Amino acid sequence: MAAVNELKRTALFDTHSALKSRMVDFGGWSMPVQYSGILEEHMAVRNAVGLFDVSHMGEIEIRGPEALQLVDYVSSNNPSKLRVGQAQYSGLLYEHGGFVDDILVHKVSDTHFFLCVNASNQEKDFEHIRSHNRFNAEVEFSSDRYAQIAVQGPRALETLQKLTRARLSEVKYYWFVDDAVSGVPARIAHTGYTGEDGFEIYIDPSEAARIWNELLSAGAEFGIKPCGLGARNTLRLEAKMALYGHEITASLNPLEADLAWIVKFDKGDFVGRAALEKTLQQGLTRKLVGFEMKERGIARDNYEVWLNGKPAGWVSSGGPSPTLGKNIGLCYLPIEKAVPGVSIQILIRNAPAEAATVPTPFYRRTRA
Amino acid sequence: MSYPETYKYTKEHEWVNAEDGSGTIGITDHAQHELGDIVFVDLPKVGTKLQKGDTLGSVESVKAVSDIYCPVSGEVTAVNELLTTSPEKLNSDPHGEAWLAKVTLTSPGEINELLSAADYQKYVGDE
């Protein structure tokens, strides 16, 4: 229980306490892991709407005449394809091809890019980007200027619409608008980390508590629930969205992480390109694949995966799927076995339990 | 939730209800609350001989796995099959319907080393 006072707090810390949240140390941040209960929160997002404080996420802004060149050079996806107001999921890679982080790149203007990065990686990301800045661009660490709230679920649009004049139904998925929420300037992005429809808003931290409470009131008629990191994790796992430190790390590259779609070889040079090309020439040796438990038991992060009586890989993320009522997970396996339909065993407390690889995502929302 | 006066408790948040040389074992309301939504319970086989402090089984919430320690030495005579299909009962009735296992006590004197309901409540601070 020591060092609790040293944990970083978001602008909503007192708000969470008032809601009787359970707080945990998440990468040096005191964050709510749950309020009413992970299962209830999870299902609120799938069936109605949930509210998440994700203010721990970092923001890095790149400006200048050659902002695009810098973003293009340090990210594996292709930011040149972005129009103003569009967002893109991408990888920030080391020269050796492993992940520094996974990021969301927002094109604010031709000379301004806004990056949303993982909380525990933000300082590292900033230094990494700066170290590669041989362009006419400025890199600013702007995390302190933003609180971030995610409104997620099939009723997210209706909930948020009550507090903004922006026409949310006209903001396409992975696009954003700079407008206002409750009269406060806000970047409203049609993005999320739940596999459900929803929005993420970036606002001034001093307004975060008021807007959070107004969102709770706006969503009350739909049964809105404040949701913690516990539900965030089960939701993203069902949607097979990667979590840094699990599916992606410095020693895993995007091809292995089944994220080849964020690696664009049809653009110019970028950090990590040469290593990834070499990996492709030599052939991938391992890859991420989803699985379901066939026997009783829950696979957890870092459990061993066995094939034919021998250790063959590891679970990167595992747990119960509240939506599907099954126990699911993601694991790394030798490339030839990283396909659906393979019988595997998960070593759970020294006993092998049967599982089988399956197609992913585990859950896909039905689109309106 | 009240802590039955007739039960004995451990600092690891298990309870034992000892009667006529046998003991029923469970986890406390405080434990289930700390764990959150319980989704899986792993229990020993009937006939397993356990020493006090041995791992009796494990309880998993959505987020985490927690080992359950055997608060007394004994041989397992029954496990609660209800928890196989309805692990969430541990959240709703941890001191009653959602007991974990029954054992024959091989060292009945160990019971006296455990905490009373009042002492346990004082320990967890939710009197």
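**Figure 1. Strand β8 of chain A pairs with β4 in this predicted model.** In β8(A), Phe141(A) is the bridge partner of Ile60(A). The two strands, β4(A) and β8 (residues 138–141), are joined by 4 bridges. Their pairing is antiparallel.

**Figure 2. Strand β4 of chain A also pairs with β7.** Here β4 (residues 58–63) and β7 (residues 112–117) of chain A share 6 bridges. The strands run antiparallel. Glu59(A) faces Cys116(A) of β7(A) across the pair.

**Figure 3. Strand β6 of chain A is joined to β7.** Strand β6 (residues 99–109) of chain A runs antiparallel to β7(A), with 5 bridges between them.

**Figure 4. An open sheet of 5 strands in chain A.** The strand order is β5-β6-β7-β4-β8, and the pairing is antiparallel. From one strand to the next, the twist averages 30 degrees. Helix α3 (residues 67–74) of chain A packs on this sheet and touches β4, β5, β6 and β7 of chain A. The direction of α3 makes about 130 degrees with that of β4(A).

**Figure 5. Helix α4 of chain A on the strands.** Helix α4 (residues 122–131) lies across β4, β5, β6, β7 and β8 of chain A. The helix runs at about 15 degrees to β4(A).

**Figure 6. Helices α2 and α7 of chain A pack against each other.** Their axes are 8 Å apart, and the packing angle is about 55 degrees. That angle makes α2(A) oblique to α7(A). The crossing of α2(A) past α7(A) is right-handed. From α2(A), the contact draws on Ile38(A), Glu41(A), His42(A) and Val45(A). From α7(A) come Gly230(A), Ala231(A), Thr234(A) and Leu235(A). By class, the residues of this contact are 4 nonpolar, 3 polar and 1 charged.

**Figure 7. The contact between chains A and B.** On chain A, 12 residues are in contact with 9 residues of chain B. Four elements of chain A each supply at least two residues of the side that touches chain B: β2 (29–34), α2 (38–47), α7 (229–238) and β16 (310–321). The residues on that side of chain A comprise 5 nonpolar, 5 polar and 2 charged.

**Figure 8. The hairpin of β1 and β2 in chain B.** Strands β1 (residues 8–9) and β2 (residues 14–19) of chain B pair in the antiparallel sense, over 2 bridges. The bridge partner of Lys8(B) in β2(B) is Val16(B). There are 4 residues between the strands. In the turn, His13(B) has a positive phi of about 75 degrees.

**Figure 9. The hairpin of β2 and β3 in chain B.** Strand β3 (residues 22–27) of chain B runs antiparallel to β2(B), and 6 bridges join them. Glu19(B) stands opposite Ser22(B) of β3(B). This hairpin has 2 residues between its strands. Asp20(B), in the turn, has a positive phi of about 50 degrees.

**Figure 10. Chain A as the setting for the close-ups of that chain.** Chain A holds 8 helices and 19 strands. Its radius of gyration is 20 Å, close to the 21 Å that the globule rule gives for 368 residues, so chain A is as compact as a globular protein of that length. Along the principal axes, the C-alpha atoms of chain A fill a box of roughly 60 × 50 × 50 Å.

Note on methods
Residues are numbered from 1 along each chain as its sequence is written. Chains are lettered from A and ligands numbered from 1 in the order in which they are written. This is a predicted model: local features need pLDDT of at least 70, side-chain atom pairs count only at pLDDT 80 or more; totals for chains, interfaces and linings use all residues. Two residues are in contact if their C-beta atoms, placed from the backbone, lie within 7 Å. Ala, Val, Leu, Ile, Met, Phe, Trp, Tyr, Cys and Pro count as nonpolar, Asp, Glu, Lys and Arg as charged, and the others, Gly among them, as polar. Two strands pair if DSSP finds at least two bridges between them. Axes are lines fitted to C-alpha atoms, for helices over the stretch in contact, and angles run from 0 to 180 degrees between N-to-C directions. Angles under 35 degrees count as roughly parallel, over 145 as roughly antiparallel, 65 to 115 as roughly perpendicular and the rest as oblique. A crossing is left-handed if the near helix is turned anticlockwise from the far one by less than a right angle, and right-handed if clockwise. The radius of gyration is taken over C-alpha atoms; the globule rule is 2.2 Å times the number of residues to the power 0.38.
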